[in-house]
Amino acid sequence: MNFSSKLLNWYDVNKRDLPWRNSDNPYVIWIAEVVFQQTRISQGLPYFNAFIKKFPDVGALADANEDEVLKKWQGLGYYSRARNLLFSAKYVMNELGGKMPASYQEMIKLKGVGPYIAAEVASVCFGEVVAAVDGNVQRVLARYFGVEEAVNSTKGMKIIQGLANEAISQFRPGDFNQALMDMGSGVCTPKSPDCLNCIFVNSCWAKQHDKQGVLPLKEKKVKVRNRYFNYVLKIVNNGVYLRKRPAGDVWQGLFEPRLIETIGVRSEITDLVVDVSYELYSAKRVLSHQRLFLRFWVATGDTFDYVGNDYEWVGVKDLKKFPVTKSIEQLFLSMEFKSLFK
Ligand code: SF4
């Protein structure tokens with residue numbers, strides 16, 4: 001039996017029961033793929049369900065405003081995914097007459113949709129024979145076929161894509177893509193692949209050569225840089241001042257208190273903001289290329305010089321309506337923060 005038939009037989013018995021698995025609606029598959037692009041299934045599932053409930057079709061999503069969409073995405077990270085979804089939904093309504101794309105070539109024109117998502121949607125919904133390659137698939141194929149080229153190098157990606165194109169089932173391309181993904185996330189996992197219970201145990205190159213722990217090879221990642229964000233909570237009349245983060249940096253479109261970015265850790269920032277009284281809270285966030293050290297300071301004095309036009313006062317009871325980062329949400333829920341208000 002060849003690779004594809006073996007894999008599909010395994011999938012028929014072991015397929016994960018996920019809410020979008022019985023759907024061939026391109027909108028639903030698109031949303032699922034975007035939500036789970038950088039997110040584990042267990043973490044993303046409540047977000048996927050809530051998103052589909054709130055925006056059941058492309059028209060409903062296109063009618064939403066950015067704040068509503070970001071609010072539903074809050075805590076999931078990589079917020080450009082949500083903004084791209086909204087942008088593309090509007091594009092579908094305005095430019096495609098409300099009809100979702102119906103092929104790989106049309107799908108990939110949507111903002112935020114790369115070859116992987118386009119191939120998933122096209123294979124699952126339209127039966128197109130296009131192999132979808134993500135990190136899970138790279139790992140399984142690199143191990144099974146013994147690819148010793150870095151899978152994130154141009155050459156390595158080409159080799160893996162070529163192998164996936166050769167292996168894909170001509171009759172069940174959508175199931176093949178999903179099966180390979182399930183195999184990668186459930187059996188051929190990054191740190192401890194379950195080779196003894198794997199259907200490929202007798203034919204896998206890495207298993208035969210004891211190289212499961214080495215493959216897939218990867219080129220070194222780009223350097224992660226440290227950033228130091230000092231947030232100043234200006235407490236006025238049982239509320240706080242927030243602004244929407246501008247384009248061109250992380251967390252675009254989310255709301256935040258006044259931000260002072262410094263070069264390194266500061267024991268105090270009173271030379272930068274005159275009425276800062278004390279530090280309330282701190283947090284750390286690691287993104288793909290940045291390590292963010294967040295500190296929240298309280299400003300209670302009367303000085304009001306920094307509040308420009310882009311800041312708006314929000315009463316403490318209304319804070320939950322605004323899309324914010326996970327750290328700021330945690331701050332708003334903390335006892336330290338609540339104790340600042342009556
Ligand atoms: S035998 Fe092991 S390394 Fe090979 S595909 Fe299966 S789980 Fe992965």
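In this predicted model, the centres of domain 1 and domain 2, taken over C-alpha atoms, are separated by 36 Å. The contact between them draws on 10 residues from domain 1 and 15 residues from domain 2. According to the domain assignment, domain 1 covers residues 3–208 of the protein chain, and domain 2 covers residues 225–338.

The interface between these parts may be described next. The size of an interface is often given as the accessible area lost when the parts come together. For domain 1 and domain 2, the buried area is about 970 Å², and carbon and sulfur atoms contribute 49% of that area. The two domains are also linked by 2 salt bridges. Elsewhere in the account of charged side chains, K244 and D67 form a salt bridge, with a distance of 3.0 Å from N to O.

Attention now turns to the ligand. Which residues surround the ligand? The surrounding residues are R143, C188, P193, C195, C198, C204, K207 and Q212. The space that the ligand takes up is the largest cavity.

Note on methods. Residues numbered from 1 in each chain as written. Predicted model: local features only at pLDDT ≥ 70, side-chain atom pairs only at ≥ 80, totals over all residues. Heavy atoms only, no water. Near = heavy atom within 4 Å. 1 Å grid on protein atoms, 1.4 Å probe; cavity = no way out; pocket = protein on both sides within 12 Å on 5 of 7 lines; lining within 4 Å. Sits in = over half its atoms within 2 Å of the grid points. Domains from an automatic or database assignment. Contact = heavy atoms within 4.5 Å. Buried area = accessible area lost by both parts, 1.4 Å probe. Salt bridge = Lys/Arg side-chain N within 4 Å of Asp/Glu carboxyl O.
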